[in-house]
Amino acid sequence: MKAVGATRLGLLLIAAIVAACSCGRSPSNPFTAAGLSPDDVRVQVARVGFDDETGSHYVLLLDETESRQLPIMVGESEAQAIMLALHGIKPPRPFTHDLIRSIIGQTGNRVDRIVIADMRDEIYYATIYMDGGRYSIDSRPSDAIALAMGMNAPIYVNNKLFESAPRLGLGAGGKVPDTAHALGLTVEQLTPDLASAFGQPGGRGVLVSGVSSSAEKAGVARGDIVVKVGDREVKALDDFSRQAAQLKRGGAVTLTLNRGGSNRTVTLESSPAGYAPKP
């Protein structure tokens, strides 16, 4: 999606929110005020990726049991905003969705939830609910998800949408692929888009998406890119898993991490309970 188009759509959404927030309180929808539809299922953002078959970015939503998924196509700018929020990274300059969030907060309003409730002509439709259901704003799912991620608002999907959800090459059985767990870290494959967003344009290494408390104390954070385990380069998930498996208990391991384009090292010490920060 072109940057100009994304900005224009973002500004239209801002205008809608400002109009809703500045007008008098409109009568609320009785059903909305009473609560969610029984057919609305809470979901979480599992990942943001790029589908080679369609040449488009997507955000993958999973229900709370992780048994059903819904991939939704999004624009490049929205994909980056959602991806940064997913990994807890604050961009150096605010995105349009950050501006929207500030406007909502500083006008004394709040986002209750977003609901992706319908699909017509292969296009998904979302609604942003605000102030206890007093306001409902039509939105593209990508804008709504990015806003919800930035405001820690819950995301819901109508149950019927899971039935016709596309797979988009997400791996055997439709499971979320390309992750590994070792050394107190959960890491995922570094795609070209992820590499660019997290300051590693060369695309080498694996992205840290989850950190144990001990690894966090050692200085590892979500959004770091592991480029070396010990003195061996990590180019992909297989490298990380293989090198972690070869480490012996009772010894220390040094990780080289890339954060914001600069490398740094942390040292973890092996113990019976796993790896912990070296004293």
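Thr107 is partly exposed, with a relative accessible area of 44%, on a scale where buried means under 20% relative accessible area, exposed means over 50%, and partly exposed lies in between (1.4 Å probe, protein chains only). The model is predicted, and for that reason local features need pLDDT of at least 70 and side-chain atom pairs count only at pLDDT 80 or more, while totals for chains, interfaces and linings use all residues. Residues are numbered from 1 along each chain as its sequence is written, and side-chain values use heavy atoms, with hydrogens and water left out.

**Surroundings of Thr107**

- Thr107 sits in the loop between helix 4 (96–106) and strand 4 (111–120); helices (H or I, at least four residues) and strands (E, at least two) are DSSP runs, numbered from the N terminus.
- The side chain of Thr107 makes a polar contact with the side chain of Asn109 at 3.0 Å, where a polar contact is a pair of N or O atoms within 3.5 Å and, within protein, one must be able to donate a hydrogen and the other to accept it, residues adjacent in sequence counting only if both atoms are side-chain atoms.
- A polar atom of the Thr107 side chain also lies 2.8 Å from the backbone oxygen of Ile103.

- Glu78 counts as buried at 1% relative accessibility, whereas Arg140 counts as partly exposed at 24%.
- Lys160 and Asp118 meet through their side chains in another salt bridge (3.6 Å, N to O), which links Lys160, in the loop between strand 7 (155–158) and strand 8 (179–182), to Asp118 in strand 4, 42 residues apart.
- Lys160 is partly exposed at 42% relative accessibility, and Asp118 is partly exposed with a relative accessible area of 22%.

- Asp239 forms a salt bridge with Arg242, their closest N and O atoms being 2.7 Å apart.
- Asp239 and Arg242 are separated by about one helical turn because they stand three residues apart in helix 8 (residues 237–245).
- Asp239 is buried, with a relative accessible area of 14%, while Arg242 is partly exposed at 43%.
- Elsewhere, salt bridges that share partners join Glu78, Arg140 and Asp143 into one network.

Technical notes:
A salt bridge is a side-chain nitrogen of Lys or Arg within 4 Å of a carboxyl oxygen of Asp or Glu.
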